[in-house]
Amino acid sequence: MIELIFGAAFLVSYVLLFYNYHLTGRKALVYYALAWFSLSIHFFVPRESIYAVGLAFFAFFIWLGNIRASDELLCSLRYSRELRYFSVIPVAGLIFLFPEHSLVSFTVLSASVMFSGIYLVLTKNSDLKLMGLLEILFAATSFLRGYYFSNSYVGLVEALLAFVLSYVSIKTFLDSSFIGEFEVMDVKTELKPGVVMLESVPEDIFEGALVFSRQRRESPNWFWITKVSDGGISPTNLPKILDIAVKFMKRANEHGKRPVIVMDGLEYLILENGFPTVIKFLTTMRDYALLHNATIVVVGDDSFLDERERRILHKLLE
């Protein structure tokens, strides 16, 4: 009975993740959804062979999901694209080792999940680090499960860890995704595509642009950057800001408008996230802006930066 409950829970996780992908377009959610679907099957058919197949495909999809998630949440590691090719290792281990060398096969499958968890820990993103630690613990229990498949206590601990991991992954992407509507209007001021810095912004730009600001205003295109209200966006939630901005660019292009996005509060973002993180964020924003013929207007000046940081920012603005 308990196995059926966990199986149903993972199927629900699959549906929630896939539905959230439909709403937000985040590709990582497809991989995570398929991972939980793969893992759910053996709870309905509790056989060692079914468990091995499910764990192999879980390891395959979770590896791809982790790498895609780190890209979408702005914390990918060097050579992350090349690391995607290692996702085939658990499937290859299943094909060539199971069932003749089942213990070695389970070792390979568990190690694959563990290394994908280590990848998330190395990203240093707090949400992804938690997911990574849970994946490492899950990998350790799945290793024991492979050796003691009939042990109900090991199976229960593994299922509980998997359930917590599925909850954390869903929550992470719900918190960093935007689901809502915009008002798409024209901005009369001519601005070049890319990222520009202005000490002040004309009111007509504020009226037609998507705005992220430390000031609060009641407008569908105005988002308050704050840590003290559920109605705003945390300054550390840069992935959500990026998600909103990219959706606005796409929506404006669909309506034949030129998207303009105002970032008011650069000093505050750097204070909360650090200069390297914000520069990486703005670089990603610039790439999307060039792709969608959009303009990112950074409001303020660079007087609070040191000389090295100022040179890096100016290079981005060029």
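**Cavity, pockets and sheet in a predicted model**

The largest cavity is lined by F212, R214, I225, M263, D264, G265, L266, Y268 and L269. The structure described here is a predicted model, and a search through the whole of it finds 1 cavity of 30 Å³ or more. The space in this largest cavity amounts to about 50 Å³. Two elements, β4 (260-264) and α11 (266-273), each contribute at least two residues to the lining of the largest cavity, and the largest share, 3 residues, is that of α11. When the lining residues of the largest cavity are sorted by class, 6 are nonpolar, 1 is polar and 2 are charged.

Empty space of this kind can be traced in a simple way: rolling a probe the size of a water molecule over the atoms shows where such space is left. The open spaces of the model are described next. The largest pocket has a volume of about 930 Å³, and of the 33 residues that line the largest pocket, R26, R68, D71, E72 and Y288 are the closest to its centre. The elements that give two or more residues to this lining are α1 (2-24), α3 (48-72), α4 (80-83), α10 (238-254) and α12 (275-291), and α10 provides the largest share of the lining of the largest pocket, with 8 residues. The lining of the largest pocket comprises 13 nonpolar, 6 polar and 14 charged residues. Because domain 1 (1-175) and domain 2 (194-317) both give residues to the lining of the largest pocket, this pocket lies between them.

The second largest pocket holds about 520 Å³ of space. It is lined by 20 residues, of which L73, N125, T236, P239 and N273 are the closest to its centre, and the elements that give two or more residues to this lining are α7 (126-147), α8 (152-175), α10 and α12. Of the elements that contribute to the lining of the second largest pocket, α12 gives the most, with 4 residues. By class, the lining of the second largest pocket has 7 nonpolar, 9 polar and 4 charged residues. At least three residues of the lining of the second largest pocket are drawn from each of domain 1 (1-175) and domain 2 (194-317).

The strands were examined next. Strands of a sheet pair through backbone hydrogen bonds, and this pairing is either parallel or antiparallel. In the present model an open sheet of 5 strands has the order β1-β5-β4-β2-β3, and the pairing is parallel. The edge strands of this sheet are β1 (194-198) and β3 (222-224), each of which pairs on one side only. With direction ignored, neighbouring strands of this sheet are turned against each other by 15 degrees on average.

The feature "transmembrane region" is placed by UniProt at residues 6-22, 29-45, 51-70, 82-98, 104-123 and 153-170. Over residues 6-22 the model is 100% helix and 0% strand, with the end C-alpha atoms 24 Å apart, while residues 51-70 are likewise 100% helix and 0% strand, with 28 Å between the end C-alpha atoms.

Two details of the backbone were also noted. F98 and P99 are joined by a cis peptide bond, for which omega is about 5 degrees, and P99 is found in the loop between α5 (89-97) and α6 (102-122). L74 has a phi near 65 degrees, a positive value in a residue other than glycine, and L74 is found in the loop between α3 and α4. Both α3 and α4 are among the elements that give two or more residues to the lining of the largest pocket.

How values were computed. Residues numbered from 1 in each chain as written. Predicted model: local features only at pLDDT ≥ 70, side-chain atom pairs only at ≥ 80, totals over all residues. Heavy atoms only, no water. 1 Å grid on protein atoms, 1.4 Å probe; cavity = no way out; pocket = protein on both sides within 12 Å on 5 of 7 lines; lining within 4 Å. Points joined across faces, edges and corners; volume = space filled by probe spheres on them. Nonpolar A, V, L, I, M, F, W, Y, C, P; charged D, E, K, R; others polar. Domains from an automatic or database assignment. Pairing = 2+ DSSP bridges. Axes fitted to C-alpha atoms, helices over the stretch in contact; angles between N-to-C directions. UniProt positions renumbered as here; feature names shortened; annotations may be inferred.
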